[in-house]
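Okay, thanks for coming, everyone. Let me put the structure up.

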Amino acid sequence: DLNPSVPHPRFAEFDSPIYLRLLPAEAANRLTNTDQASVLGVIGFDGFPEAVSEAPYPVLTVPMRHLDEPRLCEVWLSPRPASYGEHRGIRYACNEDILFGSLYLPGDRQESVETRTCRAYRAILDLTRASGYTRLIRVWNYLPRINGEDKGLENYQRFCLGRYQAFTEAAYVFDQDLPAASAIGAGTEGLRIYFIAARTPGRQIENPRQVSAYRYPLQYGPRSPSFSRATLTEFGGERQLYLSGTASIFGHETVHREDAAGQLRETLINIRAVLNELDRPRIVLGGLGPDSMLKVYIRHREHVGMARKLLAETVHPSCPVMFLQGDICRKDLLLEIEGVIR
Ligand code: 3EB
């Protein structure tokens with residue numbers, strides 16, 4: 001059984017080929033498939049999950065502190081049987097509609113961040129093309145020292161260079177094909193990525209309050225960040241919104257510098273602006289249920305109390321909110337929020 005101590009999810013109601021459950025980190029070890037659900041992958045933080053080296057599904061542990069209880073793991077599930085494989089270092093699981101993959105490239109001092117990133121994305125795009133899951137829906141990126149500098153270029157800018165290069169080689173159309181994404185500083189070495197790809201496209205969504213990241217001006221780096229503000233998927237009549245890491249950026253500029261509460265309020269305005277790009281039914285943060293989740297990345301742990309309080313006043317209590325300590329890609333950003341909304 002998935003885990004007897006966890007309330008049984010209403011699998012039968014889900015038509016989606018992929019959905020997320022958050023389990024207490026300690027409960028996410030050694031999951032097995034049932035008639036109702038197959039495990040597509042498990043993503044944990046802070047040393048979790050443990051004891052999964054034998055797992056057939058992708059497992060990734062991101063070295064990031066939990067800033068709140070309970071410590072949760074992301075368990076990605078499919079209502080239908082999954083098959084499992086490996087391709088150029090990527091562990092993956094797939095069903096008829098989607099592929100879920102994860103990749104860890106260990107550190108190598110000889111290799112620049114842009115080369116490593118490009119290598120990772122070439123492998124991902126090669127897998128998605130070869131397997132027929134050609135549409136990237138969502139990508140999570142975790143890299144060390146994201147605000148650190150190497151020969152005059154920030155590691156995040158180098159990351160953007162490598163990703164842009166791989167998307168360009170794969171002939172991605174930047175205002176149609178870009179996945180939703182997060183890029184967060186975590187760990188001391190290596191590159192960790194997990195992603196969802198699909199056989200059919202999602203809808204790329206941009207935020208009218210913000211310059212699209214792929215059109216950011218040159219002051220932020222020689223190649224702009226290749227991601228969309230959100231991807232909307234629809235499978236079997238069920239919609240899921242994959243919300244990118246969203247921060248206190250208006251236009252292309254950081255606003256409310258050195259004011260964490262101001263940044264959080266601006267971030268929530270940006271999230272509402274993305275939600276307002278959807279047609280009906282209208283989604284409001286106060287109406288999110290237990291099948292949605294928000295992940296809050298906080299640079300300085302002293303801001304977590306403020307963030308928890310403000311979010312408790314804004315987001316419906318049945319929607320899980322995770323707080324993790326991570327570095328945001330711009331030095332002047334103190335926090336960022338991503339989400340899966342359904
Ligand atoms: C921003 O809006 C904030 O490079 O993949 C958010 C989400 C950010 C994803 C990425 C960067 C990325 O520009 C930073």
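So, let's start with Asn270, which sits in helix H3, residues 260-275. Keep in mind that this is a predicted model.

Buried or exposed, what would you guess for Asn270? It's buried: the relative accessible area comes out at 0%, and the cut-off for buried is under 20%.

What does the side chain of Asn270 touch, then, in the way of polar groups? One answer is Arg209: the side chains of Asn270 and Arg209 are joined by a polar contact of 2.7 Å. There's also a backbone group in the picture, as a polar atom of the Asn270 side chain lies 3.0 Å from the backbone oxygen of Ile249.

If you set aside the neighbours within four places in sequence, Asn270 is in contact with Asn207, Arg209 and Gln210, and also with Thr246, Ala247 and Ile249.

Okay, on to the strand. S12 covers residues 180-185, and six of its six residues are buried.

Which strands pair with S12? Strand S9, residues 135-143, pairs with S12 in the parallel sense over six bridges. Leu143, for instance, has Gly185 in S12 as its bridge partner. Then there's strand S21, residues 327-328, which pairs with S12 in the antiparallel sense over two bridges. There, Ile184 has Ile328 as its bridge partner.

That's what I had, so over to you for questions.

Methods:
Residues numbered from 1 in each chain as written. Predicted model: local features only at pLDDT ≥ 70, side-chain atom pairs only at ≥ 80, totals over all residues. Heavy atoms only, no water. Helix = DSSP H or I, 4+ residues; strand = E, 2+ residues; numbered from the N terminus. Buried < 20%, exposed > 50% of the residue type's maximum accessible area, 1.4 Å probe, protein only. Polar contact = N/O pair within 3.5 Å; in protein donor to acceptor, adjacent residues only side chain to side chain. Contact = heavy atoms within 4.5 Å. Pairing = 2+ DSSP bridges.
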